[in-house]
Amino acid sequence: MIDQQPAPDVAAVVVLAAGQGTRMKSATPKVLHTLGGRSMLGHVLSAAAPLAARHTVVVVGAGRAAVEEHLAAIAPGALPVLQEEQRGSGHAAAVALDAVPDLDGPVLLVNGDAPLLRPETVTALVDAHRAAGNALTVLTAEVDDPTGLGRIVRDGAGAVRAIVEERDATDEQRAIREINAGVYVGDAAALRRSLARVGADNDQGEQYLTDVLALLVADGERVGGARAGDPVDVLGCNDRRELAARRRTLNDRVLDELMRSGVTVVDPATTWVDVTVTVEPDAVIEPGVQLQGTTRVATGAVVGPDSTLVDTAVGEGAGVVRAHCVGAEIGPGVSVGPFAYLRPGTRLHAGAKVGTFVETKNAEVGEGSKVPHLSYVGDATIGRGTNIGAATVFVNYDGVAKHHTTIGDHARTGADNMFVAPVTVGDGAYTAAGSVITTDVPPGAMGIARAAQRNVAGWVSRRRPGTAAAQAADAAQDAGAAGAADTRTQVSE
Ligand code: UD1
Ligand code: CA
């Protein structure tokens with residue numbers, strides 16, 4: 001049994017997310033860029049979620065409307081606070097605290113661009129802050145390459161004295177490899193007092209949140225630094241190259257967890273799984289697979305190679321090969337692909353098959369039924385034990401509205417059929433190959449809807465004389481006449 005620590009009592013979580021993110025070179029605000037199926041902002045909020053803070057404040061500015069809309073969708077309880085002008089991270093923090101004047105106690109301040117932050121790292125920081133009785137505690141990390149980051153300046157006794165931004169640092173300070181992760185816990189009152197005194201006398205002319213540390217030191221307050229266990233957890237994300245690197249790291253984390261839990265990942269390098277996906281032990285993920293959104297894969301299923309599953313459920317023992325599936329339910333033992341496109345509202349019951357070059361949408365395929373080849377199944381209900389012939393089109397759209405087709409149980413429909421909806425084919429019915437079915441076929445009937453065939457004898461020899469076709473036809477006719485004579489002389493045993 002593991003002792004569950006009570007969640008530390010935190011007055012507020014403040015996410016700094018107003019910055020433009022200039023280095024992303026994007027019309028999308030930086031914190032809305034996604035990795036592992038979540039925005040950067042979403043990752044930061046979920047890392048802070050276990051604190052169960054009384055207030056969650058998100059400072060917005062650049063791309064404000066988009067960030068607020070996203071926030072309302074992912075964290076409706078959070079309070080967006082507008083920082084009209086981006087005057088620096090210190091100014092952003094001050095604006096946030098002004099919006100919640102009654103705060104008292106520890107406040108977590110976190111950069112919105114730290115998507116790899118883990119809940120346990122945040123919780124450990126808050127615990128360290130409390131245990132030390134600090135006014136401010138900063139999360140730090142020892143990194144190999146501190147370029148661009150704020151350096152942690154300690155005194156001879158190892159006590160944290162200041163955070164110096166790289167552009168304002170001396171050569172000696174630049175050699176420091178302990179960096180500011182951009183995550184802080186501070187006492188609300190101490191933060192307010194010190195933020196009010198932060199100037200903009202630095203290379204960027206901005207009010208730096210990092211300056212509060214030295215101000216508190218000067219006031220004789222206790223400050224400290226807590227080192228993150230794994231420096232990778234605290235890396236920020238300022239441009240697209242860093243975004244790709246963070247995405248890779250996050251994905252490796254997700255895959256490691258899956259493999260530890262008993263999932264076979266054949267090629268981690270080409271497998272991408274969102275943090276929101278679940279995969280049961282003894283499922284197999286082949287190379288070139290993306291599992292996204294609310295996708296769930298049950299035990300014994302084999303997904304891939306080369307498949308993308310978005311918000312799709314895969315049942316026990318199912319197989320999905322080279323398929324693109326969105327909003328589909330794939331039942332146990334179902335076979336999908338190769339080369340299938342399952343669109344929203346597809347429900348494949350146990351043991352069904354959707355084969356090669358088949359597209360489905362808003363379609364239910366009953367237990368053990370098969371749509372093996374080259375077909376479009378839209379707005380349809382297919383019963384159990386039914387076989388749909390190759391190259392069938394469910395003609396669901398009349399140019400204005402969509403209509404439904406129902407095929408019963410144990411039906412056998414011919415190849416190259418069109419089911420012109422709305423239409424129903426009854427249980428146990430057959431349809432003839434090449435039929436355009438426009439009216440209902442009763443149970444057990446054979447629906448035939450095609451022109452009767454007519455052969456114009458000798459047409460090729462008359463109309464295409466001298467061609468290879470005519471010569472072949474003439475030769476076949478001669479041989480046929482001889483063969484016909486032969487058969488009369490044959491004796492059967
Ligand atoms: C910041 C830290 C640096 C640290 C690094 C960690 C400062 C001054 N520096 O640098 O010490 O090592 O993070 O990744 O804080 N923001 C606002 N409003 C503003 C300006 C910024 O909300 O006016 C937000 C940004 O959206 C971002 C965060 O504050 O989420 C930090 O700003 P950013 O420009 O990314 O700072 P860095 O240069 O990365
Ligand atoms: Ca940053």
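The legends below describe close-up views of a predicted model. Local features need pLDDT of at least 70, side-chain atom pairs count only at pLDDT 80 or more, and totals for chains, interfaces and linings use all residues. Residues are numbered from 1 along each chain as its sequence is written, chains are lettered from A and ligands numbered from 1 in the order in which they are written, and side-chain values use heavy atoms, with hydrogens and water left out.

**View 1. Polar atoms facing ligand 1.** A nitrogen atom of ligand 1 lies 2.7 Å from an N or O atom in the side chain of glutamine 83. Oxygen atoms of the ligand are 2.9 Å from an N or O atom in the side chain of asparagine 111 and 3.3 Å from a polar backbone atom of arginine 87. Taken alone, ligand 1 exposes 750 Å², of which the protein buries 90% (Shrake-Rupley method, 1.4 Å probe).

View 2. Lysine 30 belongs to the loop between β1 (12-16) and β2 (34-35). Its relative accessibility is 11%, so lysine 30 counts as buried (under 20% relative accessible area; exposed is over 50%, partly exposed in between; 1.4 Å probe, protein chains only). The side chains of lysine 30 and aspartate 113 are joined by a polar contact of 2.8 Å (a pair of N or O atoms within 3.5 Å; within protein, one must be able to donate a hydrogen and the other to accept it, and residues adjacent in sequence count only if both atoms are side-chain atoms).

View 3. Most residues other than glycine have a negative phi, and most peptide bonds are trans. A cis peptide bond, with omega about 0°, joins glycine 337 and proline 338; another cis bond runs from alanine 421 to proline 422, with omega near 0°. Aspartate 311, in the loop between β19 (307-310) and β20 (313-314), has a positive phi of about 45°. Alanine 391, in the loop between β28 (370-382) and β29 (393-395), has a phi near 60°.

Technical notes: Helix = DSSP H or I, 4+ residues; strand = E, 2+ residues; numbered from the N terminus.
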